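Here is a short tour of a few spots in one protein model. Take a look at the structure first, and then we'll walk through some contacts.

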Amino acid sequence: MNDKTISYYNKNAKEFAKRTVNADMGFCYSKFTALLHNKDYILDAGCGSGRDSKFFLEQGFNVQAIDASMGMCQLATEYIGIPVKCLRFDEIEFDSQFNGIWANASLLHIEKSSLPDILRKFNKALKPDGIMYASFKYGDKEEERLERFFSDYHIDELEEIFLKDGLFVLEESFETENVRPDYKNKPWVNIIVRKK
């Protein structure tokens, strides 16, 4: 994630949290948690407001939340009541610690050329048979917009990147509508994979 994107979230942390904290992610939650067990360990990678971490904690999971923005980390720590680590994805050094990784609307800030390296770090962070969920905006562009960098994907391109190194097997990929009313015509692509 580039410094300009991180700076945007630092400057706009409160406003961004306010816009996203009540978004209904129930459909994607259910697909992800159906593949996990009670009290499993989840890494919320790029936790933003802490909305998803809060849900997972309330469902009885153990959660480690991380975000690259110190501003978002401070807000999320306050919101969910557990410490959030300020970490960029390229700084991750976890080893076989998590049953699940939840990367909702966070890896979309990574350049496409850098994503395979990040996925290797996530694969290492997962326990054997661990599950990973990620979501991206639908499209094919790599560009800066709204003061942030975005990489957009179609499902076939996303599957190719996640599966090409033989680290993961595909559980499911699917498109969803944007759950935020102001972005209704901007769909998402979602992927769930399992560590080989």
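## Contacts around a loop and two helices

Setting aside neighbours within four places in sequence, Val21 is in contact with Ser49, Arg51 and Tyr79. Keep in mind that this is a predicted model. Where does Val21 lie? You'll find Val21 in the loop between H2 and helix H3 (26-33). Val21 and Gly48 are 27 residues apart along the chain, and their C-alpha atoms are separated by 8.7 Å.

Now for the helices. Two packed helices are described by the angle between their axes and the distance between those axes. For helix H2 (residues 13-20) and helix H5 (residues 70-80), the axes come within 9 Å and cross at roughly 55 degrees. That makes H2 oblique to H5. The crossing of H2 past H5 is right-handed. On the H2 side, Ala13, Lys14, Phe16 and Ala17 take part, and they meet Gly71, Met72 and Leu75 in H5. Sorted by class, this contact of H2 with H5 has five nonpolar residues, one polar and one charged.

Over in strand E8 (residues 168-176) sits Thr176. Is Thr176 buried or exposed? Its relative accessible area is 16%, so Thr176 is buried. Leaving out neighbours within four places in sequence, Thr176 touches Phe27, Cys28, Pro187, Trp188 and Asn190. With Asn190 there is also a polar contact, side chain to side chain, at 2.9 Å.

Here are two of the distances again:

| Pair | What is given | Distance |
|---|---|---|
| Val21 and Gly48 | C-alpha atoms | 8.7 Å |
| Thr176 and Asn190 | side-chain polar contact | 2.9 Å |

Methods: Residues numbered from 1 in each chain as written. Predicted model: local features only at pLDDT ≥ 70, side-chain atom pairs only at ≥ 80, totals over all residues. Heavy atoms only, no water. Axes fitted to C-alpha atoms, helices over the stretch in contact; angles between N-to-C directions. Helix = DSSP H or I, 4+ residues; strand = E, 2+ residues; numbered from the N terminus. Parallel < 35°, antiparallel > 145°, perpendicular 65-115°, else oblique. Left-handed = near helix turned anticlockwise from the far one by under 90°. Contact = heavy atoms within 4.5 Å. Nonpolar A, V, L, I, M, F, W, Y, C, P; charged D, E, K, R; others polar. Buried < 20%, exposed > 50% of the residue type's maximum accessible area, 1.4 Å probe, protein only. Polar contact = N/O pair within 3.5 Å; in protein donor to acceptor, adjacent residues only side chain to side chain.
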